[in-house]
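Thanks for coming, everyone. Let me put the structure up, and then we'll walk through it.

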There are 2 protein chains.
Amino acid sequence: LAERWAVIIAGGRGTRFWPLSRRTRPKQVLSLDGGPTLLERTITRLSPDIPPERVVVVTGPEMAASVRDLVPGSVVLVEPSGRNTAPAIALGAVEVRRRGGAAFAVLPADHVIGDEAAFRGALDLAFGEAAGGALLTLGVRPTRPETGFGWIEVGDGEGASRPVVRFVEKPALAVAESLLAGGRHLWNAGMFVWTVDALVAAFQAFMPGVAAALSDPLARWTEMEATSIDYGVLEKAPNVRVIPVDFGWSDVGSWSALPEVLPAREFGCGVGEVVAVRSTGNVVHAPGSLVALVGVDNLVVVQTPDAVLVARRDDAQSIRQILERLDALGLGHLT
Amino acid sequence: LAERWAVIIAGGRGTRFWPLSRRTRPKQVLSLDGGPTLLERTITRLSPDIPPERVVVVTGPEMAASVRDLVPGSVVLVEPSGRNTAPAIALGAVEVRRRGGAAFAVLPADHVIGDEAAFRGALDLAFGEAAGGALLTLGVRPTRPETGFGWIEVGDGEGASRPVVRFVEKPALAVAESLLAGGRHLWNAGMFVWTVDALVAAFQAFMPGVAAALSDPLARWTEMEATSIDYGVLEKAPNVRVIPVDFGWSDVGSWSALPEVLPAREFGCGVGEVVAVRSTGNVVHAPGSLVALVGVDNLVVVQTPDAVLVARRDDAQSIRQILERLDALGLGHLT
């Protein structure tokens, strides 16, 4: 099945993991658990079904150097500028076709998957279904009323994949709660499988700027609609199908989510040498330094060689404000 | 007045400022505010009345190297082992006498004094009073019902110094509150002034082991009573007098006390580059690293090259438990 390829979307900025993440070192090139980086794991979990030389990584100019160092066996493409996922996927599709690939999976570079065998099984199913011309999405069984994700309403049907009734953009909490309770919705995790031909046909139907630029996407980069593949293609195409999956997926969206991917320890969870007294529910990331906690609960503590973050765990999204202040203070080299 | 000397007691371990303080680097050799160390300031604030060459620093073997580096112009004596303040002061007294000094002040190495001119004025008064043979203490006007200090009850009298009625060891809170309200008590700050002759006479009367060892205190070190000068001499001698002082004194007993000696900043107070969002009442010491605070209040955050402390400010005394754990974990090199 040498025609099966993967396009890894590795352009994310990842401010939410500051100070570990920086402009030139976003989340996908980090190790959150002390092991290999998220990007490396994204590629290795595809083997042997899709070996590294059939993986195309699409990234941005700021982090291209970090990305290249991590994936010496794969193809790295650098977007001239960030234009959302549809142009990035188009760039990858053209490269896959040029190298003789017929179908490919689109996978985010910065997610965690617990059960890798189940993941590969789902991907195999999806490639099989996609061979008939459908646009396949992997839909994650929801475990909480998450307002930060898109949700997918699943239609009736038999077999491995189901038709998609509609996509629900990031819902309000009450809506998310009813979607969760209703049992007919899955999370859109940004994982797709299709043939190059089916994707090109969809671009021609719904994203004419992208379709026209396929002749030379880097040169015609700004002609492409700066839109997500979800909004530009999937919400409009009639041949979108979904495979329900359940393989321990997490997008690890912020420091607060680290307990989803790290084992529990007395003080909470973390990476590094931690000594704690009367402290619970904390998230610590300090591979290079001892961290001592005394009487503190539900904090995020991150140590890097030039910056230390101490944040309330339920306020971790405000890290963005720290970055704005640093830029305003002329300390942009720390962002 | 070349006969006036100072003996600086610089043997304290100072675990309460971990991780900045270590066994070999106790509080007195640290800079808490980013400027000179407490020991250096203790010596420079004596000039020009008592120049560095008439200062004897008594310290312990573990921190002797750090101390010597800081006070190249002074005499450094190393105690064979810690035996409380009376033997340390005896050691200093013998050295002062050997070098031709007649009277000396005893000063802790790790306190902060805001008004240095007032301090020198008080010291000058004390030397004048001590010339008559009295044992002079400087008594700090209390500002809070502190249970961690000894208190001094002041008797009636005229003039710069007053007789001491009694010493009150670390009182319970209710007692401290009544001492504060009564207005007849001062804090014992461990600052004394006397002639060598008066001190030797007191040792002969109340600490015979110390008196006998004065012939060669280092060789006869363990013959001396391992007792504080307060308990061994001052609580017993009839010729103890006190000078009330008010010169912005603080013993800076723990990280929690840093606001007494540092200017207030939006997030609390601290040393180093700190960027904060919705954070108040924190004590930060991180001269080598940016610290970012998000939504946290009343924490102590200390960064050093190999350890980070995050503690509740009102629980900072539990740092001792961290050190015990580190020793138990075989991480004693970090203590």
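Accessible areas here come from the Shrake-Rupley method with a 1.4 Å probe; for residues, only the protein chains shown count as cover. On that basis, chain A has an accessible surface of about 13000 Å². Carbon and sulfur atoms hold 51% of that surface.

Now the ground rules. This is a predicted model: local features need pLDDT of at least 70, side-chain atom pairs count only at pLDDT 80 or more, and totals for chains, interfaces and linings use all residues. Residues are numbered from 1 along each chain as its sequence is written, chains are lettered from A and ligands numbered from 1 in the order in which they are written, and side-chain values use heavy atoms, with hydrogens and water left out.

Next, burial. In chain A, 57% of the 335 residues are buried, meaning under 20% relative accessible area with a 1.4 Å probe, protein chains only.

What sits inside? The largest nonpolar core has 44 residues. Such a core is a set of buried Ala, Val, Leu, Ile, Met, Phe, Trp, Tyr and Cys residues joined through side-chain atoms within 4.5 Å. Helix H3 of chain A, residues 85-98, gives the most to this core, with eight residues. Helices are DSSP runs of H or I, at least four residues, numbered from the N terminus.

Phe104(A) is among the residues with the most contacts inside that core. Leaving aside neighbours within four places in sequence, Phe104(A) is in contact (heavy atoms within 4.5 Å) with residues including Trp5(A), Ile89(A), Phe127(A) and Trp194(A).

Finally, the box: the C-alpha atoms of chain A fill roughly 60 × 45 × 40 Å, along the principal axes.

Conventions:
Buried means under 20% relative accessible area, exposed over 50%, partly exposed in between (1.4 Å probe, protein chains only). Helices (H or I, at least four residues) and strands (E, at least two) are DSSP runs, numbered from the N terminus.
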